[in-house]
Amino acid sequence: LPTGSQYFRYWKSQDQVLDISQGIVKVVFDVEKEDPENQWINSEWTVGVTGIYHIDAWWRITENAIVDHDMKVMVNGGEHKQLSYTDYQSGTQKLHSMQISDDMMLNAGDKVYIAAGSESQLRIGGNSNALAGVVGYRLR
């Protein structure tokens with residue numbers, strides 16, 4: 001990759017359980033798959049060059065009740081994009097997947113991360129495989 005491409009890809013090493021009392025929190029992606037320019041540090045992307053960027057994040061969730069879950073792309077601590085998921089069938093434990101994508105104009109020094117929250121409890125699966133991850137790169 002050419003210098004300045006700002007490409008990274010990370011997975012989650014373990015489950016992360018979020019509780020309603022925590023509000024919206026940063027999701028941890030800590031297994032480096034590719035990051036030639038060390039762009040993703042402490043589950044946060046510091047943009048090196050002003051430009052247009054793309055980010056994808058996805059994960060598998062486990063839940064037992066009718067709840068709303070939120071997934072967000074955060075830029076400099078503010079919400080840039082939100083995806084909400086509601087399951088209308090309570091009962092037995094179920095697995096679902098969530099994914100968010102966004103193209104955005106970012107400035108050098110901007111801080112980007114993925115956050116999540118829930119109306120009850122949210123278990124984001126992570127076992128160092130492709131079921132939960134984040135990827136980002138500069139488009140131009």
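Student: With which residue does the side chain of Ser 13 make a polar contact?

Tutor: This is a predicted model, and in it Ser 13 sits in the loop that runs between strand 1 (8-11) and strand 2 (16-19). Setting aside neighbours within four places in sequence, Ser 13 is in contact with Asp 30, Val 31, Gly 126, Asn 127 and Ser 128. The side chain of one of these residues is 2.8 Å away in a polar contact with the side chain of Ser 13, and that residue is Asp 30.

Student: How far apart in space are Ser 13 and Phe 29, C-alpha to C-alpha?

Tutor: Along the sequence, Ser 13 and Phe 29 are separated by 16 residues. In space, the distance between them, taken from C-alpha to C-alpha, is 7.3 Å.

Student: Is Gln 39 buried or exposed?

Tutor: Gln 39 belongs to the loop between strand 4 (31-34) and strand 5 (40-41). Not counting residues up to four places away in sequence, Gln 39 touches Gln 6, Phe 8, Glu 44, Trp 45, Thr 46 and Gly 48. Its relative accessible area is 10%, and because buried means under 20%, Gln 39 counts as buried.

Student: And how does Ser 13 count, given its relative accessibility of 29%?

Tutor: The cut-off for buried is under 20% and the one for exposed is over 50%, with partly exposed in between. Ser 13 has a relative accessibility of 29%, so Ser 13 counts as partly exposed.

Student: How many strands does the chain have?

Tutor: Read along the sequence, the pattern of the chain is β-β-β-β-β-β-β-β-β-β-β-β-β. The chain has zero helices, and its number of strands is 13.

Student: Which element gives the largest share of the largest nonpolar core?

Tutor: The largest nonpolar core holds 28 residues, of which Phe 29, Trp 45, Ile 55, Trp 59, Val 112, Ile 114 and Val 134 touch the most other members. Among the elements that give two or more residues to this core are strand 1, strand 8 (68-75) and strand 10 (94-106). The largest share, five residues, comes from strand 7.

Key. Residues are numbered from 1 along each chain as its sequence is written. This is a predicted model: local features need pLDDT of at least 70, side-chain atom pairs count only at pLDDT 80 or more; totals for chains, interfaces and linings use all residues. Side-chain values use heavy atoms; hydrogens and water are left out. Helices (H or I, at least four residues) and strands (E, at least two) are DSSP runs, numbered from the N terminus. Buried means under 20% relative accessible area, exposed over 50%, partly exposed in between (1.4 Å probe, protein chains only). Contact means heavy atoms within 4.5 Å. A polar contact is a pair of N or O atoms within 3.5 Å; within protein, one must be able to donate a hydrogen and the other to accept it, and residues adjacent in sequence count only if both atoms are side-chain atoms. A nonpolar core is a set of buried Ala, Val, Leu, Ile, Met, Phe, Trp, Tyr and Cys residues joined through side-chain atoms within 4.5 Å.
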